[in-house]
Amino acid sequence: MRPGAAASRGGAMSRAPGEERTLTSVAAGARYEGEEPKDLPRLWHVTLSVSGGEAPLKEVRRGLEQLAHDHPFLLTSRYANDHAEIRYWEEARDLHDAAAVALRLWGEHRQTAKLPPWEIVGLEVIDRETYHQRISEGYGPLPATPVGVHPF
């Protein structure tokens, strides 16, 4: 049983009504005993979704094209006047690192690429093997073709 988990409803480890549960977490990069080190970078497929108030389509497209020019690792962007989706491959040590980079992408480049003041509303980060498994089983988004910036 994990720390902080109740044994069962009404069991000896149950919480009193209103009592907060103790949460535990695993530090980024933490490993189980005997596990091989995995410090080598891996590829992660990232899908970042942003949304907000309406903006002129020409400005949204121009901003996404500038972002792709500044960061050629971007595979594809789809956009509308109030939301966009950016898909790309990120090389990172682990999921934590890939997600951290993805969560900074929009905010750090809003000024330089003149992106709309939208917020991040979705993030998916999956490893390369999972991405290819989903594609082969017919699930998940189709491979990012054509590459570039396109309307929804």
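**Strands, helices and rings**

Modeller: Ser49 stands opposite Glu85 in S3. Before going on: this is a predicted model, where local features need pLDDT of at least 70 and side-chain atom pairs count only at pLDDT 80 or more, while totals for chains, interfaces and linings use all residues. Residues are numbered from 1 along each chain as its sequence is written, and side-chain values use heavy atoms, with hydrogens and water left out.

Biologist: Which residue is the bridge partner of Ser49 in S4?

Modeller: Gly122. Strands here are DSSP runs of E, at least two residues, and helices are runs of H or I, at least four, numbered from the N terminus. Two strands pair if DSSP finds at least two bridges between them.

Biologist: How many bridges do S1 and S3 pair over, and in what sense?

Modeller: Ten, antiparallel. S1 also pairs with S4 (residues 119-127) in the antiparallel sense, over eight bridges.

Biologist: What is the strand order in the sheet?

Modeller: S4-S1-S3-S2-S5, an open sheet of five strands with mixed pairing. S4 and S5 (148-151) stand at the edges with a single partner strand each, so one side of each has no neighbour in the sheet.

Biologist: In what sense do S2 and S5 pair?

Modeller: Parallel, over four bridges. Tyr79 has Pro151 as its bridge partner in S5.

Biologist: New topic. Which residues touch the most other members of the largest nonpolar core?

Modeller: Leu64, Leu67, Ile86, Tyr88, Trp106 and Trp118, out of 24 residues. Such a core is a set of buried Ala, Val, Leu, Ile, Met, Phe, Trp, Tyr and Cys residues joined through side-chain atoms within 4.5 Å. Buried means under 20% relative accessible area, exposed over 50%, and partly exposed in between, with a 1.4 Å probe and protein chains only.

Biologist: And how many aromatic pairs does a search of the whole structure find?

Modeller: Two. Rings of Phe, Tyr and Trp (its six-membered ring) pair if their centres lie within 6.5 Å; planes under 30 degrees apart count as stacked, over 60 as edge-to-face and the rest as tilted.

Biologist: Why is the pair of Trp89 and Tyr131 edge-to-face?

Modeller: Their ring planes are at 80 degrees, with the centres 5.0 Å apart, so the pair is edge-to-face. Trp89 is partly exposed at 22% relative accessible area, whereas Tyr131 is buried at 6%.

Biologist: What about Trp106 and Trp118?

Modeller: Their planes are at 5 degrees and the centres 6.2 Å apart, so that pair is stacked. Trp106 is in helix H2, and Trp118 is in the loop between H2 and S4.
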